[in-house]
Amino acid sequence: MPLTEAVAVVHQLRRDDDVVISSMGNAREWMAMGPLHPRDFVFVPSAMGHATCVGLGLALAQPSRRIIVLSGDGSLLMNLGTLVTVAAYSPPNLVVIVFDNGVYEVTGAQPTPGAIALGVEFTTIAKGCGLSSIHRWSTLDDWRRGAENAFAARGPTLVVLDVAPKPDAGGPRSPGPTAERAKRFREALLDSSIRRIRDYPIGD
Amino acid sequence: MFTGEQVATLFTELGVTHVITVPDSTIGKWGEALERTPGVRVVRVCREGEAWAVAAGLHFGGATPLVLIQCTGLFESGDSLRNVVHDWKLPIFSVIGYRSYLNQDTLPGDTCLVFTEPTLDAWKIGYKLITDPSQIGVIRDHYRACRAANRPGAALIAEGKA
């Protein structure tokens, strides 16, 4: 399915109180869809593969808010262990969407080792890590039909979408100074959350 | 060096809400006491690079995370640490076990002694070296100074075996 339309499905379904973390090629698409929401975190610059980790931390800190992470197959391959960590702490409010195009798109669409290995099946890996809310869609129609239920499911949820690479699209540009963006993003999350963190059940 | 109870008391006093960790044979022994401590949640990650990014998410969400790793994990952490602490300028504090500092019986010639402090210097992380249990107050003071200045920092805990 086309990446732009696949990302647009998320854009349409995100609720006002959701957090959306975008990274790499999907961040480029996300930023092109209109003004950023105060609770959008465009993870550019990033440490590749760590968008899901940031999302996990946010999901643990803000258990009453849905955290949506937009990632890629190359990114997930760089940090596969994070699926185990996500499963270990199982935040029900975390949704990770992997746009699987088989390439490192922002560097010019070189193949990932996963693609060379005849296609890595992330859903099988996720199941083996202990996740249970797992979906894979290959067509845009199927993704559109299934997205709402995937978002509504008790997470953590992993959605893998087969998308076509955009090899000439280039990488995303940072939408502004990082320190200012970090400060504004944190402020947008903290209206009433400090108390929630202290109330968070320990060791559940 | 310290007991788990001492560390748990310190972290509670400092208001730490989450300890993101990969254990070693010294700091790993603190985990049980930390997990028994109300108000402190231990998050065990698969590799140290993850720890900084999870801590970043926790910080954005209003928590007060601390990264607890060995110096070998510091070496592994490079790009993630750089991104969190320098790109995003998040004031994440870390406690780092300094392998073989007190003796090299297990690993003679351990290169952790060569690279740990220069690595912290290279990443521009202000640290305090802790070589004796009487220095627990040094950690407390350094942590508070870092918080007050909204900057990252580290306590480097001398270890006696690999």
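This is a predicted model: local features need pLDDT of at least 70, side-chain atom pairs count only at pLDDT 80 or more; totals for chains, interfaces and linings use all residues.

How many residues of chain A are in contact with chain B, and how many of chain B with chain A? I find 40 residues of chain A in contact with 31 residues of chain B, where contact means heavy atoms within 4.5 Å.

Residues are numbered from 1 along each chain as its sequence is written, chains are lettered from A and ligands numbered from 1 in the order in which they are written, and side-chain values use heavy atoms, leaving out hydrogens and water.

**Entry: the interface.** I looked up the area buried between chain A and chain B and got about 2700 Å², with carbon and sulfur atoms giving 63% of it. Buried area is the accessible area (1.4 Å probe) that two parts lose on being put together, summed over both. I then looked for salt bridges between the chains and noted a count of zero; the criterion is a side-chain nitrogen of Lys or Arg within 4 Å of a carboxyl oxygen of Asp or Glu. By class, the side of chain A that touches chain B has 25 nonpolar, 11 polar and four charged residues; Gly counts as polar here, and Ala, Val, Leu, Ile, Met, Phe, Trp, Tyr, Cys and Pro as nonpolar, with Asp, Glu, Lys and Arg as charged.

**Entry: the sheet of chain A.** I traced an open sheet of six strands in the order E2-E1-E3-E4-E8-E7, with parallel pairing. Strands (E, at least two residues) and helices (H or I, at least four) are DSSP runs, numbered from the N terminus, and two strands pair if DSSP finds at least two bridges between them. E2 and strand E7 (133-137) of chain A stand at the edges with a single partner strand each, so one side of each has no neighbour in the sheet. Three bridges join strand E1 (residues 19-22) of chain A to E2(A), and A:Val20 has A:Asp40 as its bridge partner there.

**Entry: the sheet of chain B.** Which order do the strands take here? I read E2-E1-E3-E4-E6-E5, an open sheet of six strands with parallel pairing. The edge strands are E2 (41-44) and E5 (127-130) of chain B. Five bridges join strand E3 (residues 65-70) of chain B to strand E4 (residues 93-98) of chain B, and B:Leu68 has B:Val95 as its bridge partner in E4(B).
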